[in-house]
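User: I've got a protein open on my screen and want a quick tour. Please start with one residue and what it touches.

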Amino acid sequence: MSRTTLFDSRIKKYAYCEAEQIYRELGASPDGLSSAQAEAMRKRYGSNSFAARKNDAALYRLRRAFINPFNIILFVLGIISLVTEALSASGMAKNTTTAIIIFAMILISGTIRLVQEIRAKSAAQQLEKLIHERVTVRRNGELVEIPAEKLVVGDIVLLCAGERVPADVRLTKVSDLFISQAAITGESAILEKKSRALCYSSAETLTQLANLAFMATVVISGKGEGIVLAVGKDTLYGSFAKPESEDKASFQKSANSIAWVMLRFMAVLIPIVFVLLGITGGRWLESFAFALSVAVGLMPEMLPMVITACLVRGSLSMSRKQTIIKDINAMQGFGSMDVLCMDKTGTLTNESILLEYYMDVLGNESSEVLDLAYLNSFYHSGVRNPIDNAILACQTMPGREVHYHDLLMQYKKADEIPFDYNRKLVSTLVTDANGAGQLLMKGDIFHVLQRCSQVEYRGQLLPIAEDGRQSVASVVDEMLQDGMKVIAVARKNVGRQNRLTASDEAEMILVGYLAFFDAPKKTAKASVAALSRLRVITKILTGDQADVAVSICRRVGIPSAEVLTGDKLDKMNDSELGIAVERVHVFAELAPAQKVRIVATLQQNGHTVGFLGDGINDIPALCEANVGISVDTAVDAAKDAADVVLLQKDLGVLEQGILEGRKTFTNMLKYIKITAGSNFGNIFSIVCASAFLPFLPMTSLQILLLNLLYDVLCIIMPWDNVDEEELLSPRDWSGKTLGRFMLSFGPISSLFDIVTFLFLYYFLCPMLCGGATYLQLTDSAMRLQYVTIFQTGWFLESMWTQVLILHFLRTRKLPFVQSKPSAPVVLITLAGIVAFTALTFTKAAALFGLTEMPPWYFAFLLAVVLLYMLLTTVIKGFYQKRYRELI
């Protein structure tokens, strides 16, 4: 029997039990657990957390730091190298240096990544101030707040509107409790929950059981109390939810694509080098060891560390710009995002709205309509929204405080059907002192109108004519076109009824309308224009009426010639919607599931989609998007679902985040492409030289040392400047263009390597070794000197060109003149060249098989470097002209 089946049978049992029986079986009570009981329950049933995410945080970060495709490749190469060298004739003691350096690279890059991860965690911890991870429970007969992870089986937990259910709970008391189970079912429907025990005659599935509330679901309205049945991994959510992924899926996929490009190059080069050296030298084991070193030389060993440094620097920089990155790998979403979907309220318009008009069905001012709406809003137990807040603000009008106080004394709440994002209305049942009930409804104009059979005008009830919709439009259309938000108010006498059902929401009487002013923010138009310059397509996904959405979008510069409403969307198949989402920018009158469908369709069309939302209805779309963005004023569940949290709900802040994301990605791509291209050039040179030279052009140790020194310098890349042109379009994080870049610029390096080979082999080395070439020398000491000079000369040429080429390929422009690198990049790279050149003049040089070179060699080296830079600049121009990009 599967774990899920066992869970179903255990939890289902309690849905059919009375509360007293559950208390007895679990050893709990309505007064809550004592501290000792809570600790015993924790030992017996476990903690309310997922071990992979919290309890094993240190192990989790170690795994993230050291286990990645690049380190795995290096580790395998190191093991093979160690075994190969152990079997070589010269003995293991002499030749373990290569393997040691490989493992040192893994250790250094992993350690730096781990340190950066720990430092980055401090930025993420700021979010804990925004997300309330505390729950109200009854312990020792008193209500206390405790961290959600300290919740245990048997606790009595209290639930309120806007909160996430922290565990699986058997409800024992409810008051108009409505819950969205989208987090576990994927459906946007909102269910009313009950507290009474169920009877076995119903054959409902677990998620349909009305007296159970499940972890990760969200309380839409009302209140509830219940006993915790399961926590952590034992909950329904925990039974099927995967552990929190290490990276965004797209980020990991892109990293893997880069690793596969490198592996394909290695798969070609290793056999070629091995066969060439084996045939020319006859020492097959030594040839295999050198071929492995070539493979290691091709890998950008510090790639994981440089990527992490870029991401961490970007996330910390964004935290200073009012943006908190919950996972540093979510930076990828900012770097490659080309479509931003969002609601208009609070982003294009102000967070709060003002009530402008309250009127009867013909548009005349009516205080009765306002009174009915006030009662509905005051007694609505759902999450507060701008409309309710604007209506309730009327009690502060001069001379009206007493009126509204008396109104509340006259009418008391009996029941409600809370706001539903599909129904788009809320119903409240109030009773007067005589017990007579009145159903009050407010919401979307036409959703309310569908439930009305009469209108009320100056005390008279009139039937709604067949053209009732047109009559309503004649009153409200002008206000909608002016950008106002208009809702309808209806009522119905229900006698002494004290409970509401959906069937009661019929035969209503339309009494009037409320109009709210929802003005665009002063910064909205400029922010939309800025996003457009960054080639981010802005799309509005709102539940508001189409006319209101169009009016706002027209004012801020979002194309609104065509609008797609939720009704029209439902009639489209996937193919038709795929075409529509490309041309339409305004989607109105949407339900939560429809927002998800639009986001998913955009992704299927190849877009990287960001979604900015702050309400419970936005949670499914936040989870679906490539990067979910929320704000600090959002409901807790929305902030928890998001990848990024803005400390200020303004598109200007988001624009800065996108720019920082693209800057981060550009600097990552600089390192990857330039390093891989330069490494490929060096390795290709070795392949060529191996076919003709009677000795190794560079030892395994020297190749590893060269790469290690170069990669250490590249740690500074995250702090480089980025040309403005590189920030004007989304960045693609993948290996699709990596091979093309390597094949275009790698051979340029090889060309000058070969020139250096010829100079060293036929001119410099013979000059310093008695005028003879290597094959003409008979003395072994002289031959060793010849090889050492050759290898040192090429080591220096490789190091100089590899470091300086960073400055020429980091920009599309003329380096140092049209595009200046940051001061740290200039200082570190120049200091690195000086320091590594000086290494050859020290005693330590002998440890790596290097020696001191004559001063005039550096004149030749300078000439080679200048010619290399000149040719690279020319090829760079052709490359950009053909492919319209560089990095």
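Analyst: Threonine 773 touches Pro766 and Tyr786, leaving out residues up to four places away in sequence. A touch, or contact, means heavy atoms within 4.5 Å.

User: Where does threonine 773 sit?

Analyst: Threonine 773 is in the loop between α28 (738-768) and α29 (780-809). Helices (H or I, at least four residues) and strands (E, at least two) are DSSP runs, numbered from the N terminus.

User: What kind of model is this, and how are residues numbered?

Analyst: It's a predicted model: local features need pLDDT of at least 70, side-chain atom pairs count only at pLDDT 80 or more, and totals for chains, interfaces and linings use all residues. Residues are numbered from 1 along each chain as its sequence is written, and side-chain values use heavy atoms, with hydrogens and water left out.

User: Back to threonine 773. Buried or exposed?

Analyst: Threonine 773 counts as buried, because its relative accessibility is 19%. Buried means under 20% relative accessible area, exposed means over 50%, and partly exposed is in between (1.4 Å probe, protein chains only).

User: Zoom out. How many helices and strands does the protein have?

Analyst: The protein has 31 helices and 23 strands. Of its 887 residues, 57% are buried.

User: What share of the contacts is between residues 24 or more positions apart?

Analyst: Among contacts with a separation of 6 or more, 74% join residues 24 or more positions apart.

User: I see a sheet with β9 in it. What is the strand order?

Analyst: The sheet is open, has eight strands and runs β8-β23-β22-β21-β9-β18-β20-β19, with mixed pairing. β8 (323-325) and β19 (563-565) are at the edges with a single partner strand each, so one side of each has no neighbour in the sheet. From one strand to the next, the twist averages 20°. Two strands pair if DSSP finds at least two bridges between them.

User: Which strands does β9 pair with?

Analyst: β9 (residues 339-342) is joined by four bridges to β18 (residues 537-541), and the two run parallel. β9 also pairs with β21 in the parallel sense, over four bridges. Strands of a sheet pair through backbone hydrogen bonds, either parallel or antiparallel.

User: Which residues stand opposite methionine 342?

Analyst: Isoleucine 540 stands opposite methionine 342 in β18. In β21, leucine 612 does. Valine 339 has isoleucine 537 as its bridge partner in β18.

User: Which way do the β9 side chains point?

Analyst: Val339 and Cys341 point one way, Leu340 and Met342 the other, and all are buried. In a regular strand the side chains alternate between the two faces of the sheet.

User: Which helix packs on that sheet?

Analyst: Helix α23 (residues 592-604) does, touching β9, β18, β20 (586-588) and β21 (609-612). The direction of α23 makes about 160° with that of β21. Axes are lines fitted to C-alpha atoms, for helices over the stretch in contact, and angles run from 0 to 180 degrees between N-to-C directions.

User: New topic: cysteines. How many disulfides are there?

Analyst: A disulfide is a pair of cysteine sulfur atoms within 2.5 Å. By this rule there are zero disulfides. Cysteine 341 is buried, because its relative accessible area is 0%. Cysteine 452 is buried too, at 11%.

User: What about helix α14, how far apart are its ends?

Analyst: The end C-alpha atoms of α14 (residues 367-378) are 16 Å apart, which agrees with the 16 Å that its twelve residues should span at 1.5 Å a residue. The expected span is 1.5 Å times one less than the number of residues. Nine of the twelve residues in α14 are buried, including Val369, Leu370 and Tyr374.

User: Last one. What is the phi of asparagine 140?

Analyst: Asparagine 140 has a positive phi of about 55°, although it is not a glycine. Most residues other than glycine have a negative phi. Asparagine 140 is in the loop between β1 (134-139) and β2 (142-147). At 48% relative accessible area, asparagine 140 is partly exposed.
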